[in-house]
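Have the viewer open as you read.

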Amino acid sequence: MEHDRRRRLTLVATEGEATGEDAKSASRSPEAAASRDLDWSILMARAQDGDNVAYLRLLQEIAPYLRSLVRRWHKDPWDIEDTVQDILLTLHTIRHTYDPARPFGPWLVGIANRRAIDRLRRRGRQVLREAPLTVEHEATIVASDSRDDALDKDGLTEALGGLPPIQRTAIDLLKLREMSLKEASEATGLSIASLKMATHRALRNLRSLLSDRRDW
Amino acid sequence: MDTSDLIRSLATNAPAVKRLRPPLVRALGWLLLAAVIMGLMTISHGVRPQFAERMQDAVFAINMISSLLTGILATIATFFVSLPDRSRGWLLLPAPPLIVWLSTIGYQCFAGWVPVPPGAITVEAASGCLATLVLTSLPLSLLMLAMLRYAAALRPTSVILMGSLAVSAITATALSMFHPLDATAMVLGWNLGTAVLFLGGAAIFSRKMSQAGGVRDDGAPR
């Protein structure tokens with residue numbers, strides 16, 4: 001089984017699809033692939049000891065290889081990229097389980113296959129319960145949404161204009177510009193308590209103004 | 001998030017980690033603790049009446065040895081199969097003694113061979129039995145859970161089932177040493193039954209979660 005996996009590692013790497021410059025040049029022969037595996041083992045062992053530079057190099061080197069591996073399971077580029085990220089996160093979480101005395105390839109491929117199959121299952125479930133969004137759906141949704149949005153925007157601007165100046169400032173700073181209470185207090189010179197009170201009153205006023213308008 | 005950004009953030013947050021010991025060493029460590037618990041329970045309960053006589057009996061002896069072997073091999077298999085680079089073939093390791101063990105249970109049930117002391121099967125005895133069983137198996141299960149938590153990301157189902165088998169077999173061996181009743185069926189029911197219950201629950205729950213998760217994936221409720 002382990003022998004098979006190592007062979008698979010070599011085979012996939014020798015296809016050379018988007019495996020990066022290093023991988024491309026290194027994977028031309030089985031000896032080169034074995035030496036690359038050894039390099040990765042060394043890098044991983046250093047990463048386990050806390051060498052961040054070695055870890056960064058390792059992750060950058062394996063990413064193209066993982067992409068080529070995942071391409072056997074997934075066709076969609078987003079799925080491929082998400083799976084690669086899943087694999088990297090799993091690898092990071094369980095990096096203490098790698099034994100530097102053993103080859104790195106089978107360990108990596110074990111994690112990669114697991115994550116790729118997991119995503120395949122998830123996609124399978126999604127396909128069962130979701131229908132594709134057609135152009136017609138989008139057209140109706142966008143049209144109705146944009147008209148409603150425009151009306152809401154106009155109404156809101158008008159309602160804001162009708163507020164007393166302090167309340168308008170409070171809403172503008174805290175809700176529209178998303179400042180913190182402290183920042184807004186520094187900007188206006190008002191106390192935090194009065195800003196809170198102004199916001200509360202402004203929201204109450206806006207609610208009544210907007211609901212009145214909707215009644216028209 | 002872009003993959004290259006993810007790589008950079010992972011690499012900057014990677015403190016040194018303590019490597020796992022080889023799976024065989026870890027399995028032996030767990031078995032050692034199991035032996036300690038078994039010893040303590042046997043001391044506190046005292047060896048069952050007629051233990052030496054019972055060991056003379058071939059079926060009882062085979063039952064006990066096969067359950068002990070199943071426990072040991074299932075433990076080794078659990079620790080091996082929990083690692084990403086080890087073959088799933090390890091799952092077959094405890095199969096031979098398991099078959100012998102289950103067939104001796106079957107034989108005992110079929111032949112009605114167990115000489116039950118009069119009045120032994122009562123609600124009190126059975127609940128005492130269950131309490132001992134929980135006391136023996138719970139620390140072992142919890143320790144195994146702690147030692148194998150990383151396997152959640154890899155092969156959780158096979159690891160959980162194999163681990164439950166290991167705990168069941170060890171508990172059954174321990175119980176047959178100090179318990180007046182042969183409680184193997186209860187032990188298996190408890191440990192594997194609990195594992196199956198959890199797995200079934202997880203299967204149903206995860207399906208529901210993934211359906212609810214669809215809302216999060218899309219960003220808008222349907």
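A contact here means heavy atoms within 4.5 Å. Keep in mind that this is a predicted model.

Let's begin in chain B. Which residues of H2(B) meet H4(B)? On the H2(B) side they are Pro23(B), Leu24(B), Arg26(B), Ala27(B), Trp30(B) and Leu31(B), and their partners in H4(B) are Gly71(B), Ile72(B), Thr75(B), Ile76(B), Phe79(B) and Phe80(B). Sorted by type, the residues of this contact come out as 9 nonpolar, 2 polar and 1 charged. H2(B) covers residues 23-45 and H4(B) covers residues 58-81. Their axes cross at roughly 135°, so the two helices are oblique to each other. The crossing of H2(B) and H4(B) is right-handed.

Now over to chain A, where H5(A) spans residues 77-93 and H6(A) spans residues 104-129. These axes cross at roughly 130°, which means H5(A) is oblique to H6(A). H5(A) goes past H6(A) in a right-handed crossing. The residues of this contact split into 8 nonpolar, 2 polar and 7 charged. From H5(A), the contact takes in Asp79(A), Asp82(A), Thr83(A), Asp86(A), Ile87(A), Thr90(A) and Leu91(A). Among the H6(A) residues they meet are Trp107(A), Ile111(A), Arg115(A), Arg119(A) and Arg123(A).

| Helix pair | Axes come within | Crossing angle |
|---|---|---|
| H5(A) and H6(A) | 9 Å | roughly 130° |
| H2(B) and H4(B) | 8 Å | roughly 135° |

Over all chains, the count comes to 12 salt bridges.

How about the interface between the chains? Chain A puts 38 residues into the contact and chain B puts in 33. About 3100 Å² is buried between chain A and chain B, with carbon and sulfur atoms giving 57% of that area. Which residues of chain A lose the most area to chain B? They are Gln85(A), His96(A) and Arg129(A), together 17% of what that side buries.

The interface of chain A and chain B has 2 salt bridges across it. In a salt bridge between the chains, the side chain of Asp85(B) meets that of Arg102(A) at 3.2 Å, N to O.

How values were computed. Residues numbered from 1 in each chain as written. Chains lettered and ligands numbered in written order. Predicted model: local features only at pLDDT ≥ 70, side-chain atom pairs only at ≥ 80, totals over all residues. Heavy atoms only, no water. Axes fitted to C-alpha atoms, helices over the stretch in contact; angles between N-to-C directions. Helix = DSSP H or I, 4+ residues; strand = E, 2+ residues; numbered from the N terminus. Parallel < 35°, antiparallel > 145°, perpendicular 65-115°, else oblique. Left-handed = near helix turned anticlockwise from the far one by under 90°. Nonpolar A, V, L, I, M, F, W, Y, C, P; charged D, E, K, R; others polar. Buried area = accessible area lost by both parts, 1.4 Å probe. Salt bridge = Lys/Arg side-chain N within 4 Å of Asp/Glu carboxyl O.
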